[in-house]
Amino acid sequence: MKCRPTISKSSMENVETCELRYFYEYVLKYRGEGGVKTVMGSAVHCVAETLAKIKLNIQNGGDNFIVTDDIGRVDYDPETWLTPRELSDIEVDTINKNRKNKSTFKDQVALPYKTVRVGEELVESLIDRAYDYYELEKLINEARYKGKRDPFERNYREFCWMLLEQYDPRFENVVDVEFEFDLPIPYEWAKVDGEYARLKGFIDLITEPEPGVLVVTDYKTGERSKFPSFETKSYADIKKDLQLSMYCHALQTLFPDKVIIANLFFIRDGGVFSVTFDADSNAITVNEAVREHLEKVRACKIPSLLSPIMATASQQEIDNFTFQDTRNGTVSSACMYLCPAFKAKTFSSDCDCKFLSSKISELGMDEVEKLYSKKNFEV
């Protein structure tokens, strides 16, 4: 299979879980719409990142507004944007009643009485604007119509407030938001089409709690579970998290004189987990992971499927899959909720992963790429 010149945690993860999805997204270059869970996570990220950008703008003495790529211009008053208000006992009881749903809120997240929230007016307006921008109402209604009711629909607003309750960027010394890194991998084995492959990614938040210390924070709205076993990730598992290793490696390379700490923040399932990595050993870990990724991609002749049943199931069976089917092994929940190839019917009446799997078996990957890559195929 063809290697991609830029390597990210997502591309590496796709190869490990479903080679066909890698072929679909990174070779054919199709990117479908995310499901309710994915888009909900994007909306929560949007709220947190907008608040962090406002804080950074205030630190830098900017004008009283920022312009974001998603929800556009946001005006604020630096004198009132942190106005406090104590929640009434009735409000606290209502919030805690909603948070008792252990299928959604995996950790103890009850609010104490006399909880004080700050900057409610601005936060609530950002929550509403992100909801509208990401068309969450439309996605939620579609999911409900298909019988795939998602518990997130009632809890989007709670997720945003839970993030701020546990790690509020408004009270941090913000260095950068949505920081992009793009680093060459200077080894012969890492060459793709004659050029060094590049390690690329985006970091949600970088703060500096004290001089010489940078903290990387990555927000997670999903469960703290290993895939595909769904077992809970331990702290030892998080210490081995490749995404955190990559983020730290990037900052250790760019800022060798700084101490780098990484936070993996599970908003609804355990809160903030902080880890550190030795720079030298971490560089070896990341480079070895990249090497293994490239070797696996190069060695792939026919991409495998995460759920083998996808190759034999009828399209009617696929269309009728429910969440319960994902739990008893009929098909992975990653297919149903996360994979655009499962949802889309770009080429025929079959879903894309079923269609492409069949065509690759018939014609081979090179021919399928020629015929069906996004630049060549006309819908």
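Helices here are DSSP runs of H or I with at least four residues, strands are E runs of at least two, and both are numbered from the N terminus. On that count, this protein has 16 helices and twelve strands.

A word on the source. This is a predicted model, where local features need pLDDT of at least 70, side-chain atom pairs count only at pLDDT 80 or more, and totals for chains, interfaces and linings use all residues. Residues are numbered from 1 along each chain as its sequence is written, and side-chain values use heavy atoms, with hydrogens and water left out.

Now the overall picture. Of the 379 residues in the protein, 49% are buried. Buried means under 20% relative accessible area, exposed means over 50%, and partly exposed is in between, with a 1.4 Å probe and protein chains only. Next, contacts, meaning heavy atoms within 4.5 Å. Take the contacts between residues at least 6 apart in sequence: 69% of them join residues at least 24 apart.

On to the cores. A nonpolar core is a set of buried Ala, Val, Leu, Ile, Met, Phe, Trp, Tyr and Cys residues joined through side-chain atoms within 4.5 Å. The largest one has 61 residues, and Phe23 and Val290 have the most contacts inside it. Beyond its neighbours within four places in sequence, Phe23 contacts Met1, Leu28, Pro303, Ile360, Met365, Val368 and Glu369. A second, separate core has 41 residues, including Val39, Met40, Leu56 and Tyr156.

Tyr156 takes us to helix α7, residues 156-166. How many residues of α7 are buried? Eight of eleven, so α7 is mostly covered. Among them are Phe159, Cys160, Trp161 and Leu164.

Helix α7 packs on helix α5, residues 120-133, at an angle of about 135 degrees, with the axes 11 Å apart. Axes are lines fitted to C-alpha atoms, for helices over the stretch in contact, and angles run from 0 to 180 degrees between N-to-C directions. Under 35 degrees counts as roughly parallel, over 145 as roughly antiparallel, 65 to 115 as roughly perpendicular, and the rest as oblique. So α5 and α7 are oblique to each other. Their crossing is right-handed, meaning the near helix is turned clockwise from the far one by less than a right angle.

Who meets whom? From α5 come Glu120, Val123, Glu124, Ile127, Asp128, Ala130 and Tyr131; from α7 come Tyr156, Arg157, Cys160, Trp161 and Leu164. By class, that contact has eight nonpolar, no polar and four charged residues. Ala, Val, Leu, Ile, Met, Phe, Trp, Tyr, Cys and Pro count as nonpolar, Asp, Glu, Lys and Arg as charged, and the others, Gly among them, as polar.

Helix α5 also packs against α3, residues 36-59. Those axes come within 9 Å and cross at roughly 135 degrees. This crossing is right-handed. Ala43, Cys46, Val47, Thr50, Leu51 and Ile54 of α3 touch Leu122, Val123, Leu126, Ile127 and Ala130 of α5.

Is Glu120 buried or exposed? Buried, at 17% relative accessible area. Leaving aside residues within four places in sequence, Glu120 contacts Thr83, Arg85, Leu87 and Trp161.

Gly119 sits in the loop between β5 and α5. Gly119 is buried too, at 5%. Not counting residues up to four places away, Gly119 touches Trp81, Leu82, Thr83 and Arg170. Its C-alpha is 6.4 Å from that of Pro84, 35 residues away in sequence.
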